[in-house]
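Subject: Handover of a protein structure

Dear colleague,

Please find below the structure that I am handing over to you.

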Amino acid sequence: MTQPLRHDAQTIARPLWLLAELTYACPLQCPYCSNPTEMAQIGAEMTTDDWFKVLREARELGAAQLGLSGGEPLVRRDLEAIVAEGARLGYYSNLITSGIGMDEARVNALAEAGLDHIQISFQASNAERNNFLAGSNTFEQKKAMARAIKAAGYPMVLNIVLHRHNIDDIDDIIAMAESLDADYVELANTQYYGWAWHNRAQLLPTREQLNHAESVTTRYRDNGGRMKLYFVVPDYYQDRPKACMSGWGDLFLNVAPDGLALPCHAARQLPGIEFPDVREHDIAWIWNESPAFNHFRGFDWMAEPCRSCVEKHDDFGGCRCQAFMLTGDMYATDPVCAKSPSHHLITDVVAEANAPTSARAEAQPIVFRNPKNSKRLHATPPAGER
């Protein structure tokens, strides 16, 4: 079997992280969801046996971490069976959930099946804003499930996606997390893929908002706060791109609900790349030999300025999906990079986000995630928001 090359020109590493997107179905309608906006047109979900095949073959290849996500993975009635199979194979498993569709009995059933870790998400620190952003009255249910997860012996891991409509509440968000006895809190600024891409003008915070939230987070850490806080800055406020997924096909294997194997959750939008179906090919062939997973490995695909850049070993040219969405060219330097000739596409958006409210274009309302129809829902944020 021919072995492709890693970014460092050595024999390719095995995938360590398998992200199993079990479903795109979800009871929430978050306007920053990273699921594809065309999800209603995507094929039928894989069966339990299909997922067992994926788990087995990925584990044989070396995968050790298993993320179970969606949509909302609790929608799958076979979730406990998939968790149990992952445990039998030796994975360390992490359920990434909104908590909707869970009760104490299901928490206990998942624990008995061998689930190692649960991360629960909140949309905001108060019911009004949380329920507005989620599109349903879920705030109290989320708090109850957070407590149930803690009572079952799991570490309390919270995720709050930050954006223009909730980032000013950072003090309250941290206080809410403390009241729930959280151990780890991911304060993850929105990254602009999927539904968030279409809501970028509504969601991108100002620099002032971002700096304030980061300073509050730093102060909490410096004052010896008990919780471990992770603050993820949005790409748009950086001048160097991230090493997306630690490099294309280098550590992460994403399997979508319809069986497509992807180097990242957003990659199916890239033109001209035929991503393999795990029901038609084994994981070893997909990872090692498929044209899709070799497409952006190494450096030969790069154009200038990436090809000559000494930083290419750190960022691998940035995010291919972001480059495509912003420039229409998936081979382009990620415009987040200040060296990119298209960097103005980022700075122009940031400038608009930082303009006075009266000067910002407000013609496009928030588009809530909704698989049943694609019409834009004009919703007014709760009073007091920017």
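Predicted model: local features only at pLDDT ≥ 70, side-chain atom pairs only at ≥ 80, totals over all residues.

Domains and core

The protein chain is divided into two parts, domain 1 (17-237) and domain 2 (244-351). Taken over C-alpha atoms, the centres of domain 1 and domain 2 are 24 Å apart. To the contact between them, domain 1 contributes 32 residues and domain 2 contributes 29 residues.

The largest nonpolar core contains 111 residues. Within this core, the residues with the most contacts are Leu18, Leu68, Leu95, Phe122 and Leu158. Because domain 1 (17-237) and domain 2 (244-351) both give residues to this core, it lies between them.

If neighbours within four places in sequence are left aside, Phe122 is in contact with Asn130, Phe139, Lys142, Lys143, Ala146, Leu158, Asn159, Ile160, Val161, Met176 and Leu180. Leu158, one of these partners, is also listed among the core residues with the most contacts.

Two packed helices are described by the angle between their axes and the distance between the axes. Both values are given here for two pairs.

On the side of helix 1, the contact is made by Trp51, Phe52, Leu55, Arg56 and Arg59. Helix 2 supplies Ala81, Ile82, Glu85, Gly86 and Leu89 to this contact.

The second pair is helix 2 and helix 3 (residues 104-113), whose axes come within 8 Å and cross at roughly 25°. Helix 2 and helix 3 are therefore also roughly parallel to each other, and helix 2 passes helix 3 in a right-handed crossing. Here Leu79, Glu80, Val83, Ala84 and Ala87 of helix 2 meet Arg106, Ala109, Leu110 and Ala113 of helix 3.

Which residues of helix 2 are buried? They are Leu79, Glu80, Ile82, Val83, Glu85, Gly86 and Leu89. The elements that cover these buried residues include helix 1, strand 2 (65-69), strand 3 (92-97) and helix 3. After helix 2 comes Gly90, which has a positive phi near 100°.

Two loop residues

Leu251 is placed in the loop between strand 7 (228-232) and strand 8 (252-255). Its relative accessibility is 23%, so Leu251 counts as partly exposed. Apart from neighbours within four places in sequence, Leu251 is in contact with Pro15, Leu16, Trp17, Ser246 and Trp287. Leu251 and Asp348 are 97 residues apart along the chain, and 33 Å separate their C-alpha atoms.

Thr333 is found in the loop between helix 13 (320-327) and helix 14 (344-353). Is Thr333 buried or exposed? Buried means under 20% relative accessible area; Thr333 has 8% relative accessibility and therefore counts as buried. With neighbours within four places in sequence again left aside, the contacts of Thr333 are Glu304, Pro305, Cys306, Gly317, Arg320, Ala323 and Ser340.

Yours sincerely,
A colleague

Definitions and conventions
Residues numbered from 1 in each chain as written. Heavy atoms only, no water. Core = buried A, V, L, I, M, F, W, Y, C linked by side-chain atoms within 4.5 Å. Buried < 20%, exposed > 50% of the residue type's maximum accessible area, 1.4 Å probe, protein only. Domains from an automatic or database assignment. Contact = heavy atoms within 4.5 Å. Helix = DSSP H or I, 4+ residues; strand = E, 2+ residues; numbered from the N terminus. Axes fitted to C-alpha atoms, helices over the stretch in contact; angles between N-to-C directions. Parallel < 35°, antiparallel > 145°, perpendicular 65-115°, else oblique. Left-handed = near helix turned anticlockwise from the far one by under 90°.
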